Amino acid sequence: MKNLTSTLLRTAAAAGFVLVAGTSAAFAAMTATTVTDLNVRAGPGPQYPTVGLATRGSTAVLDGCIEGSKWCRVDVNGLRGWVYAQYLTTDLGGAAVVVQDRRADLAVPVVTYEAQAGDPPMPAPGDELLGPVEEVDPIAPPDTVRTYITTNPGETVYLDGEVVVGAELPQTVEVRRVPDYSYDYVSINGQPVLVEPTTRRIVYVYR
């Protein structure tokens, strides 16, 4: 067991994070489920590049979450990186609960992240994407919409949170119209999204 724990800690340190002293290997095996298609990022924040996409319903091995942050380190679908805890659920007493909402009850391990040379700067402070997400009807936008958005990108809005389908945008975020189309658009944390005008929920994310 001592050798296994040492190996886990060495692996964690090499990946830019460490488990807080006292965290056991058993806790490192905690599992959670993604409630929507979710970016897996190279670091704990929307400013870090994505290493892949965890599809809705994927099982993630949860290493732990940063104290005072909503970012957690996971292993999911062969990807290793950071995801937003608001969009992870796990079992607690036979009921599915949002990891972020019940971290103390779940005894989620605490991990830390050590910034690396060349890490991107933190985005400007902003309102976080509201969650938990609500299920929305899937859409398949025509290519002409992407062409219009690419030609008329507008300014990127940085929010504290992750860009996912079903998340509601704060009222402070100004969206733009797509001519002759049912949905608005805006760039959130560098990713163009389509927004349902009435509910202000993201219905499509361009990746």
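Me: Let's start with Asn189: is Asn189 buried or exposed, and at what relative accessibility?

Reply: The general idea is a set of cut-offs: buried means under 20% relative accessible area, exposed over 50%, and partly exposed in between, with a 1.4 Å probe and protein chains only. Asn189 counts as buried because its relative accessibility is 7%. Keep in mind that this is a predicted model, where local features need pLDDT of at least 70, side-chain atom pairs count only at pLDDT 80 or more, and totals for chains, interfaces and linings use all residues. Residues are numbered from 1 along each chain as its sequence is written, and side-chain values use heavy atoms, with hydrogens and water left out.

Me: Where is Asn189 found, and which residues does Asn189 touch?

Reply: Helices (H or I, at least four residues) and strands (E, at least two) are DSSP runs, numbered from the N terminus. Asn189 sits in the loop between β13 (184–188) and β14 (191–195). Contact means heavy atoms within 4.5 Å. Not counting residues up to four places away in sequence, Asn189 touches Pro46, Thr156, Val157, Tyr158, Leu159, Gly161 and Val163. A polar atom of the Asn189 side chain also lies 2.8 Å from the backbone nitrogen of Leu159.

Me: How do I read a nonpolar core, and which residues touch the most other members of the largest one?

Reply: In soluble globular proteins, nonpolar side chains tend to be buried together. A nonpolar core here is a set of buried Ala, Val, Leu, Ile, Met, Phe, Trp, Tyr and Cys residues joined through side-chain atoms within 4.5 Å. The largest has 41 residues, and Leu62, Leu169 and Ile188 touch the most other members. Apart from that core lies another, of 10 residues, among them Val145, Tyr183, Leu194 and Val203. As for Ile188, its contacts beyond four places in sequence include Leu129, Leu169 and Val193.

Me: And for the whole chain, how many helices and strands are there?

Reply: The chain has four helices and 15 strands. Of its 207 residues, 44% count as buried. Among contacts between residues at least 6 apart in sequence, 63% join residues at least 24 apart.

Me: Which residue is 39 residues from Ala42 in sequence and 5.4 Å away in space?

Reply: That's Gly81, with the distance taken C-alpha to C-alpha. Ala42 is in the loop between β3 (38–41) and β4 (50–54), and Ala42 counts as partly exposed because its relative accessibility is 37%. Leaving out residues up to four places away in sequence, Ala42 touches Tyr48, Pro49, Val51, Trp82 and Tyr113.

Me: What about phi: which value does Asp180 have, and which does Arg200 have?

Reply: Both are positive values in residues other than glycine: near 55° for Asp180 and near 60° for Arg200. Asp180 lies in the loop between β12 (176–177) and β13, and Asp180 is exposed at 84% relative accessibility. Arg200 lies in the loop between β14 and β15 (202–205), but Arg200 is buried, with a relative accessible area of 11%.

Terms used:
Polar contact = N/O pair within 3.5 Å; in protein donor to acceptor, adjacent residues only side chain to side chain.
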